[in-house]
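Trainee: Before I use this model for anything, I would like to learn how to read its local features. Can we go through them one by one?

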Amino acid sequence: GGEPHRAADRARAGVMAEILFLVHRAPWPPDRGDRIRSWHMFEALAKLAPVHVAAFADNEADAALARDKMAPLCKSLAIEVRKVSRTLALAQAVLKREPVSNRLFRSAALARHVDRLIGQGGITHIVAFSGQMAQYLPARFDGPVLMDFVDVDSAKFATYAEQDKRQPLNWVHAREARMLGAWEAEVARRVDASLFVSEAEAALFRGRSGPGAGKICAVENGIDTDRFDPGLALDRVETGEGPLAVFTGQMDYRPNIDAVRWFVTDILPLIRQRHPRARFAIVGRAPTDEVWALESLPGVTVTGEVPDVRPWLAAADAVVAPLLLARGVQNKLLEAMAMARPVVASAAAATGIDATPGAHLLVAQDAGEMAEAVCSLFDDPMGAATMGQAARARMIARYGWDARLAPLGDLLGLPA
């Protein structure tokens, strides 16, 4: 990367700024954590200058949705559908001595497109979202380059390796942690600023990446408090009788699968000793067979994909986030708190959220504490409602998206 003042020089010389936004998943629709952040980032960048987007999509349907929505808002848009199998990506990564994550997002066509765009000379600023997209950064570029790593992905794989000793998975995860860690540090040295979703992630990265890694700063996630508003008239969901705990999330994502399995096997039985009619709804798209199987247990509902999570949040007597592994800031908690729901989170899930345990949410360590916290909300609906209101007030004060993404203009040297 170059120095921001060069872009400023070009701006003074009358050269219009244009931003290239490289993103690993086309940001529309913003219905999962990574796309929520990248969508709001795209909107913030588009207010600063015309934006060229180069992105991937997981399937043709996602690509079509994103093209319809985004094409009118971009200067140019290229979306490639990813077709690389994990097995092939692993084999290639081992042969080439590189992270599997990069191989999963490798496309010669997208690389040619990016090179062509940059070669035309109009691009003055580059923002890459998620470490896998750093492979598309040009070797030489004289404008500012921002890398939004979001989370320290290498640390996530290190945790996977610690938690799962089965071979060959353990070897794969340990290798990825090592290769990705080296890649992240190398990228950070090349760019002007590296962004993370929380100060905790930024601090972790500073400790791992060594000196000379440019500027490392936290740009936190926000929440759309107008959309997640308990005052809105929402469709009612039929949830049956008895107090309801709700979990929301992408249900083919390993930390979410582990979280709901732990809740159903270890925590819900303790809750049902005190509240025999207590129920637990697992709300989110793409449940694995393992998640669907949980529905055979008493009190458990698995919804699969729903058109809107808000009615489920509105129906919840408690929203739970029993995550054993969580990186960054959990959007699912911000959404629930903005909806004025009382939340029970594991210590891992609550990390990175600027809120006071006991006032804005309850934080629990083990299964017994989790069950106790959920039961305390079921036992005291008035107290639960008061905590929910405090949570919403906290979200409005602290987590509006405009406020969270305001630093982007300064980091790019572009006046808002």
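The dialogue below takes up helices, a strand pair, cysteines and backbone geometry in turn.

Mentor: Keep in mind throughout that this is a predicted model.

Trainee: How does the length of helix α15 compare with what 1.5 Å a residue should give?

Mentor: Helix α15 covers residues 367-379, and its 13 residues should span 18 Å at 1.5 Å a residue. The end C-alpha atoms are 18 Å apart, which agrees.

Trainee: Which residues of α15 are buried, and what covers them?

Mentor: The buried ones are A367, M370, A371, A373, V374, C375, L377 and F378. Their cover includes the strands β8 (244-248), β11 (318-321), β12 (343-346) and β13 (362-364), together with the helices α10 (254-274) and α16 (381-398). At the start of α15, a side-chain oxygen of D366 comes to within 3.3 Å of the backbone nitrogen of G368.

Trainee: How do I read the pairing of β9 with β10?

Mentor: Look at direction and bridges. Strand β9 (residues 279-283) runs parallel to β10, and 4 bridges join them. Strand β10 (residues 300-304) has a covered face made of V300, V302 and G304, while T301 and T303 form the uncovered one.

Trainee: How many disulfides are there?

Mentor: A disulfide is a covalent bond between the sulfur atoms of two cysteines. A search of the whole structure finds 0. As for burial, C74 counts as buried because its relative accessibility of 14% is under the 20% cut-off. C375 is buried too, with a relative accessible area of 1%.

Trainee: Which peptide bonds are cis?

Mentor: Most peptide bonds are trans. Here the bond from W28 to P29 is cis, with omega near -5 degrees. Another cis bond joins Q167 and P168, with omega about 0 degrees. P29 sits in the loop between β1 (19-23) and α2 (33-48), and P168 in the loop between α7 (153-163) and α8 (169-190).

Trainee: What surrounds P29?

Mentor: Leaving aside residues up to four places away in sequence, P29 touches R35 and L65. Its C-alpha atom is 6.8 Å from that of A66, 37 residues apart along the chain. P29 is buried, with a relative accessible area of 19%.

Trainee: Is E201 buried or exposed, and what does its side chain reach?

Mentor: E201, in helix α9 (residues 199-209), counts as buried at 4% relative accessibility. The E201 side chain reaches the backbone nitrogen of V152 at 2.8 Å.

Technical notes: Residues are numbered from 1 along each chain as its sequence is written. This is a predicted model: local features need pLDDT of at least 70, side-chain atom pairs count only at pLDDT 80 or more; totals for chains, interfaces and linings use all residues. Side-chain values use heavy atoms; hydrogens and water are left out. Helices (H or I, at least four residues) and strands (E, at least two) are DSSP runs, numbered from the N terminus. The expected span of a helix is 1.5 Å times one less than its number of residues. Buried means under 20% relative accessible area, exposed over 50%, partly exposed in between (1.4 Å probe, protein chains only). Contact means heavy atoms within 4.5 Å. A polar contact is a pair of N or O atoms within 3.5 Å; within protein, one must be able to donate a hydrogen and the other to accept it, and residues adjacent in sequence count only if both atoms are side-chain atoms. A disulfide is a pair of cysteine sulfur atoms within 2.5 Å. Two strands pair if DSSP finds at least two bridges between them.
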